[in-house]
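Hello,

Here is the structure I said I would pass on. My notes on its salt bridges and on one helix pair follow below.

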Amino acid sequence: MGKVKLIATAAMGLEALVAREVKDLGYENVKVDNGKIIIEADEKAICRTNLWLRTADRVKLVVGEFKATTFDELFEKTKALPWGNFIPENGEFPVIGKSVKSTLFSVSDCQAIVKKAVVESLKKTYKRAWFDEDGPLYRIEVALLKDIATITIDTSGSGLHKRGYRYLHSEAPLKETMAAAMIMLTNWHPDRPFADPFCGSGTLAIEAAMIGQNMAPGFNRDFASQKWEWVGKGNWDQAMEEVEDLARYDQPLQIFGSDIDHKMVELSINNAQEAGFGDLLHFKQMQVKDFTTKLEYGCIIGNPPYGERIGEIKEVEQMYRDMGKAFEKLDTWSVYMLTSHEGFEELYGKKASKKRKLYNGNIKTDYYQYFGPRPPRNK
């Protein structure tokens with residue numbers, strides 16, 4: 001197959017982070033756009049981006065891109081794409097779609113037309129009139145933006161936030177991709193202590209351990225494109241070998257999580273065991289106001305309650321005040337908190353060194369960053 005064009009999708013505000021991850025994998029031909037990063041590379045990049053990208057939502061293969069203002073145009077241009085190069089005779093190819101600021105605004109009609117066009121193209125390739133679609137999955141998406149149709153096939157399957165370790169989670173879980181982004185936006189290094197005083201289902205602590213030991217976030221799960229013959233088992237085997245070679249299982253870590261709710265602590269312990277970090281991560285039941293440590297130059301990273309529910313706000317505001325008092329004593333530590341509460345700095349009692357807008361799901365939040373001093377070289 002040779003060169004392919006891929007799109008790594010990203011939550012708003014995380015595009016630059018995903019682009020940095022892609023470049024760290026050695027891919028230079030990278031373009032950043034709203035909600036997506038466009039990559040031109042070889043087919044092995046399908047395996048490597050799925051395995052390694054911590055902050056992307058999914059990886060899509062671009063089959064074609066063209067202008068379409070009529071259904072005829074959408075049909076003919078889709079039909080002309082080389083579908084037989086990607087989808088085998090028994091491939092399952094459902095079609096999903098979206099349309100923004102485009103003449104063709106009926107998504108269901110666009111989906112039906114693209115499906116019909118792909119069938120017509122494959123009929124020609126395989127010289128048959130009917131397809132059972134009982135083989136590997138090739139989920140097609142038609143995305144229309146300002147009359148430009150981008151036709152892709154999803155290479156990931158489940159979203160990349162599904163790492164395979166979180167079978168159980170809390171009521172409002174922090175996505176694994178967002179947790180990884182929060183850590184990557186800090187000055188934390190694996191040789192420094194790490195604490196999450198609102199551990200919930202343990203996501204931040206587990207993601208920190210994976211980053212600390214350079215473990216690929218996708219090592220413990222499957223991807224749709226693993227079953228695609230044209231990508232090849234050899235490419236996947238090679239990519240998995242690289243994952244094993246680059247992991248630093250012997251990297252010592254000091255990672256702690258705590259929560260006011262003992263059920264959350266149990267949940268975190270179970271998820272950490274599922275991720276293979278049962279002995280490495282330490283969780284305990286504790287209120288944030290009781291947080292104390294003799295360790296130095298660590299990072300506290302947290303996603304505390306925001307007080308979004310009626311009746312919670314006063315309690316949450318008091319907790320922010322208590323947090324400020326407890327962390328005041330930790331003069332060598334850096335603190336990073338994600339919340340939608342606009343009065344956080346005032347309640348916490350200190351202006352942030354830096355503030356960054358992030359979307360936690362659909363909630364617009366600020367990431368408050370309080371930088372502690374750099375550790376001495378021997379720390």
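Helices here are DSSP runs of H or I with at least four residues, numbered from the N terminus. Please keep in mind that this is a predicted model.

On that basis, D237 and K233 both lie in helix α7 (residues 233-246), four residues apart, so about one helical turn separates them. Their side chains meet in a salt bridge, at 2.8 Å from N to O. K233 is exposed at 61% relative accessible area, while D237 is partly exposed at 36%.

By the rule used, there are 13 salt bridges. K60 pairs with E141, with 2.8 Å between the closest N and O atoms. This pair links distant parts of the chain, 81 residues apart: K60 is in strand β4 (residues 58-67) and E141 in strand β6 (residues 140-145). Both partners are buried, K60 at 10% and E141 at 11% relative accessibility.

E176 forms a salt bridge with R166, the closest N and O atoms being 3.3 Å apart. E176 belongs to helix α5, and R166 to the loop between β7 (148-154) and α5. E176 is buried at 4%, and R166 is buried at 14%.

E176 also takes part in the contact between α5 and α6. The axes of α5 (residues 176-184) and α6 (residues 203-212) come within 9 Å and cross at roughly 65°; the crossing is right-handed. Other residues of the contact include A179, M182 and I183 of α5 and L204, A208 and I211 of α6. By type, the contact residues are eight nonpolar, one polar and two charged.

Regards

Conventions: Residues are numbered from 1 along each chain as its sequence is written. This is a predicted model: local features need pLDDT of at least 70, side-chain atom pairs count only at pLDDT 80 or more; totals for chains, interfaces and linings use all residues. Side-chain values use heavy atoms; hydrogens and water are left out. Axes are lines fitted to C-alpha atoms, for helices over the stretch in contact, and angles run from 0 to 180 degrees between N-to-C directions. Helices (H or I, at least four residues) and strands (E, at least two) are DSSP runs, numbered from the N terminus. A crossing is left-handed if the near helix is turned anticlockwise from the far one by less than a right angle, and right-handed if clockwise. Contact means heavy atoms within 4.5 Å. Ala, Val, Leu, Ile, Met, Phe, Trp, Tyr, Cys and Pro count as nonpolar, Asp, Glu, Lys and Arg as charged, and the others, Gly among them, as polar. A salt bridge is a side-chain nitrogen of Lys or Arg within 4 Å of a carboxyl oxygen of Asp or Glu. Buried means under 20% relative accessible area, exposed over 50%, partly exposed in between (1.4 Å probe, protein chains only).
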